[in-house]
Amino acid sequence: MFSLASILRPHIATLTPYSSARDEYTGTEGVFLDANENAFGSTTSAGRYNRYPDPHQTAIKARLAPIKGVSAGQIFLGNGSDEPIDLLIRATCRPGQDNIVILPPTYGMYEVSANLNDVAVQKVPLTAEYQLNLPAVLSAIDAQTKLVWICSPNNPTGNLIDPAAIRQVLDAAQSSLVVVDEAYIDFAGPGYASWITQLAHYPNLVVLQTFSKAWGLAALRLGMCFASPEVIRVMNLIKPPYNISAPTQALALDALNHVAEKEQMVAETLAERARLADALRRLPTVQHVFPSDANFLLVRFDEANDVFNQLIDSQVIVRNRSSVTRCEGCLRISVGTPAENDRLMAVLEGMTVALSNL
Ligand SMILES: *Cc1c(COP(=O)(O)O)cnc(C)c1O
């Protein structure tokens, strides 16, 4: 039986929340002399930013909840996904004692955050097919494992992790939280439901999403975390009070009125992803284009470092993953606009011609 209280660090379980000025009076009308703000205005012509933002992001959560099919109390918003990643570690892992389980090759921030917090990282590599190695994951989870991180669709491999395997981890890991990072979920094939739909079944499930990818708002730094109200309550307890700025809140609220535009950009990305994958597969230097449920392609080249450097020389910048275990010889290529993808292909095709002239 999962019990959140038993996996929290003891001092977190008994912490008293900071009560901000904006918590103690929640009305919107009045003479506000409670937060030592500048009553006269702001030093920018871009607008008035002299008041502290809503620490609970009430308006965004009210709009987001029906879109995601959860209650507002199941939503945490962070300064990028980086913030919930860090807060989950700090809420549960005792430095020098507890550990997290990650499944490399995967997103780097889980390990970075664990290292920063002096929390051990147990690595269970994905299989050669980039799927979860279930027996190895289950045996890596020990009494000190507080968090299991599963990225699906996974970065940098691009594939979804088999839901049946994730289910088994959720069932088995009764003294850990299982975090499913769905940063790329909007680009996943039809028929794949977000793990948000399973929150009611799994009190140990936490789902991360972000405004950085499909929503096109990476510059705002706004990450979403969905979990039980108990988990969300703890994250709100330990976050910096004003963690989401007022401009970010206003712009995110506006973005939520533009779901159709998001869907349109996702559709264009998917069309370009297919076109780019086809074009890459025709190149003689390309060994393999991995299937992708994300907005990028993992591509294995004959000479990945040479390709990477020549792309750089032509001012086309991709991510070199060729020294990452299980990604040997691979570059990770984000799907661009049609013109950007044409440019990438022109450089790669030019290289192929140059090589064949040797
Ligand atoms: C891009 C990405 C994120 C998003 O991070 P933000 O801090 O929200 O921009 C989260 N997880 C994975 C796996 C990613 O690739």
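Helices (H or I, at least four residues) and strands (E, at least two) are DSSP runs, numbered from the N terminus. You're looking at a predicted model, where local features need pLDDT of at least 70, side-chain atom pairs count only at pLDDT 80 or more, and totals for chains, interfaces and linings use all residues. Residues are numbered from 1 along each chain as its sequence is written, and side-chain values use heavy atoms, with hydrogens and water left out.

**Stop one: helix α4.** Select residues 58–68. Ile60, Lys61, Leu64, Ala65 and Lys68 are buried here (under 20% relative accessible area; exposed is over 50%, partly exposed in between, with a 1.4 Å probe and protein chains only). They span an arc of only 130 degrees around the axis, going by the directions from the helix axis to the C-beta atoms, so they sit on the same side of α4.

Just past α4, click Gly69, which has a positive phi of about 70 degrees.

**Stop two: the largest nonpolar core.** A nonpolar core is a set of buried Ala, Val, Leu, Ile, Met, Phe, Trp, Tyr and Cys residues joined through side-chain atoms within 4.5 Å. The largest one has 51 residues, and Leu132, Ile150, Val169, Trp195 and Phe226 have the most contacts inside it.
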